[in-house]
Amino acid sequence: MGKISVRQLGKAYKLYPTRGARLREWLLPFRGPQHRLKWILQDISFEVAPGEAVGLIGINGAGKSTLLKLISGTSQPSTGSVYMEGKVAALLELGMGFHPDFTGRQNVYMAGQLIGLSVDEITALMPDIEAFAEIGDYLDQPVRVYSSGMQMRVAFAVATARRPDILIVDEALSVGDTYFQHKSFERIRQYRRLGTTLLLVSHDKQAIQSVCDRAILLDGGRLARQGKPEEIMDYYNAMIAERENSTLRLSQRDDGKLQVTSGTGEATVAHIALRNAAGDAVEVVDVGEAVTLEVTVAVHAPIPRMVLGYMIKDRLGQPMYGTNTHLKELPLADLQAGQQVTYRFGFAMNLGAGSYSIATAIVSTATHLVNNYEWRDLALVFTVVNMRRPHFEGSAWLDPHIEINRS
Amino acid sequence: MMSVAMLRGLWRYRGFVLGSVQREFQSKYRNTMLGAAWTVLSPLAMILVYTLIFSQVMKSRLPGDTSEYGYSIYLCAGILTWGLFAEITSRAQNMFLEQSNLLKKISFPRICLPVIVVLNALLNFGIIFGLFTVFLLVSGQFPGAVFVLLLPVLLLQVLLAIGLGMVLGVLNVFFRDVGQFYQIFIQFWFWLTPIVYPASILPAPVRGMLDWNPMAAVIQSYQAILVSGQAPHWQHLLPAALLALLLCALGMHLFRRRAGEMVDEL
């Protein structure tokens with residue numbers, strides 16, 4: 001139950017030069033096809049194992065939504081096949097088929113029937129749906145008086161009222177208020193723990209990295225790459241930067257992780273190290289220990305303005321802290337080829353125990369979108385361990401001063 | 001014609017089909033005060049207008065009929081059943097376009113849509129025709145046992161309508177001219193069918209052309225049953241029956257072959 005198997009999937013739309021061309025093709029089939037095919041998706045093959053969560057990413061027009069439509073069965077593939085086991089729920093567009101003149105409750109019945117539930121099943125699920133949507137008395141008002149957020153709450157509550165074997169979600173979660181976003185995301189997580197297979201399309205890095213086991217990157221209608229979410233996310237970010245005419249390199253680190261490097265290459269990181277108070281390069285750091293991040297940049301071509309930035313990320317690629325010399329108002333000007341610049345960033349490692357990585361970026365302004373000289377993910381990997389402090393949870397070291405008054 | 005998978009899908013979604021019929025009926029009159037009465041009022045108004053104009057003003061009487069209600073019954077027999085035919089075909093030709101959002105976003109058995117159209121039309125027809133039957137009983141014009149022969153004729157007419165509707169519905173997605181054309185076509189068709197006037201007033205050469213109109217035989221069957229209390233001439237209905245089967249087969253063929261392409265086009 002819950003398996004998705006996509007084989008050699010392709011989708012092409014037929015483009016007819018004129019309106020009459022289709023008619024000619026239908027009526028005079030012996031004259032051959034009058035259309036040309038526009039391929040939206042080509043040669044997509046992947047498997048999703050039961051209980052696995054897979055994120056689908058790609059820029060607009062990469063074919064994500066088309067792929068979801070093919071998988072959920074609303075659109076038919078031109079080539080290849082999709083095979084699925086178990087009950088499927090697809091949240092492609094929430095609130096579809098809601099009728100404004102009927103009450104929320106009546107629309108719940110309608111939407112439920114549309115996804116194949118019977119009236120009795122919906123009646124049984126109604127208390128859950130009511131509780132989850134949390135719109136109170138509005139449920140018995142016509143939907144036309146709802147705000148879009150309220151409609152979306154009801155729609156989500158119905159669509160996920162019963163745990164499916166496969167859940168397909170298309171960016172639907174970006175609507176609604178933060179509270180409900182969290183709530184709906186929590187429901188997805190909960191279903192996942194219970195064994196639901198998840199296929200999620202999102203531009204939200206955090207969503208992909210915190211829920212998915214694997215990510216698939218679509219580019220120009222083809223499956224560009226699949227792998228660990230943080231790797232794919234790094235590659236994706238680099239790919240966006242690459243559209244600014246820079247190069248993109250992938251290399252395997254000693255620890256087996258894929259490192260993504262991109263940029264035009266006028267300046268590169270020649271050396272990077274994390275040093276302790278004694279000045280020794282370390283890979284293991286104690287919580288709260290004073291350290292210095294040392295980055296040496298080699299300049300290969302004249303640069304009018306140079307900014308160095310770094311970002312500390314956790315195991316899942318979530319940013320912990322990032323800054324750059326533009327934000328710190330220390331940009332350098334007029335660098336010449338052959339020069340070397342060494343930066344030292346001193347700080348206390350106020351992070352919780354865990355594995356972290358540092359990404360570096362050499363740019364000209366605050367972001368890497370104008371001039372990206374070099375962007376290097378996983379430039380350095382280090383581990384924080386808790387050697388001297390009492391155990392604490394989380395990835396930030398926010399040690400409190402505690403005062404207790406007992407009377 | 002219909003595959004087992006289609007029927008099974010339809011059965012699984014029976015709740016959706018019945019719910020849609022109910023909702024469509026309710027939504028039509030939701031914000032009205034007279035509610036379902038409007039279903040009756042508009043055909044009633046039409047019958048009144050035709051009766052007044054044709055039977056009173058133009059003094060046209062059915063040849064050989066002297067009863068006070070004769071023409072009204074003749075008119076109702078044709079207009080009410082033609083209304084069913086017109087409703088099914090016009091709704092069916094737009095059903096895919098109207099439901100394009102649903103078709104694009106939600107995966108459900110598409111065959112539900114024509115079924116919903118037919119059931120909706122039958123519901124509206126049932127109400128108005130039920131009232132008409134009550135009128136026949138009250139006014140003592142009820143034709144008797146021959147009344148049940150309406151059922152096979154109705155079945156034939158519904159098949160003819162939905163077969164044509166499916167063909168138009170699929171074609172209309174790809175060639176929107178079809179819908180516009182049919183709206184004009186059906187007006188001519190109405191007046192080329194002996195509904196308002198009896199076929200006998202037509203000159204002989206024109207009357208021969210009625211054989212080419214499958215709806216003429218169907219409507220004349222209703223008129224035979226309801227006005228004269230006679231069983232229809234079944235052999236006259238044969239071309240219409242063949243056409244109905246042919247259209248249903250063509251409709252299903254087009255529907256199955258083009259269902260996928262249709263979603264891309266919406």
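Visitor: Is Ile303(A) buried or exposed?

Guide: This is a predicted model, in which local features need pLDDT of at least 70, side-chain atom pairs count only at pLDDT 80 or more, and totals for chains, interfaces and linings use all residues. Residues are numbered from 1 along each chain as its sequence is written, while chains are lettered from A and ligands numbered from 1 in the order in which they are written. A residue is buried if 20 or more other C-beta atoms, placed from the backbone, lie within 10 Å of its own, exposed if 12 or fewer do, and partly exposed in between. Ile303(A) has 21 other C-beta atoms within 10 Å, so it is buried.

Visitor: Which residues does Ile303(A) touch, leaving out those up to four places away in sequence?

Guide: Ile303(A) lies in strand S15 (residues 303–314) of chain A; helices (H or I, at least four residues) and strands (E, at least two) are DSSP runs, numbered from the N terminus. Contact means that two C-beta atoms, placed from the backbone, lie within 7 Å. With residues up to four places away not counted, Ile303(A) touches Glu266(A), Ala267(A), Leu335(A) and Tyr373(A).

Visitor: What distance separates the C-alpha atoms of Ile303(A) and Leu332(A)?

Guide: Along the chain these two residues are 29 residues apart.

Visitor: In chain A, what share of contacts between residues at least 6 apart in sequence joins residues at least 24 apart?

Guide: Chain A has eight helices and 20 strands, and 38% of its 407 residues are buried. Of the contacts in chain A between residues at least 6 apart, the share that joins residues at least 24 apart is 71%.

Visitor: Which element gives the most to the side of domain 1 of chain A that touches domain 2 of chain A?

Guide: Chain A is divided into domain 1 (4–227) and domain 2 (230–385), with bounds from an automatic or database domain assignment. Their contact takes eleven residues from domain 1 of chain A and nine from domain 2 of chain A. On the domain 1 side, helix H7 (205–211), strand S8 (214–219) and strand S9 (222–227) of chain A each supply at least two residues. The element that gives the most, with five residues, is H7(A).

Visitor: How many residues of chain B are in contact with chain A, and which helix of chain B gives the most?

Guide: The interface joins 23 residues of chain A to 21 residues of chain B. Helix H2 (14–29), helix H5 (100–105) and helix H11 (234–265) of chain B each supply at least two residues of the chain B side. The count for chain B is 21, and the helix that gives the most, with five residues, is H2(B).

Visitor: Why do the buried residues of H2(B) line one face of the helix?

Guide: The buried residues of H2(B) are Gly15(B), Phe16(B), Ser20(B) and Arg23(B). They pack against helix H3 (104–114) and helix H4 (119–133) of chain A, together with helix H6 (112–138) of chain B. They line one face because, seen down the axis of H2(B), they fall within an arc of 120 degrees, the arc being that of the directions from the helix axis to the C-beta atoms.

Visitor: What ipTM does the model score?

Guide: For chain B, the mean pLDDT (the predictor's confidence in each residue, from 0 to 100) is 85, and 94% of residues reach 70 or more. The model scores pTM 0.71 and ipTM 0.71.
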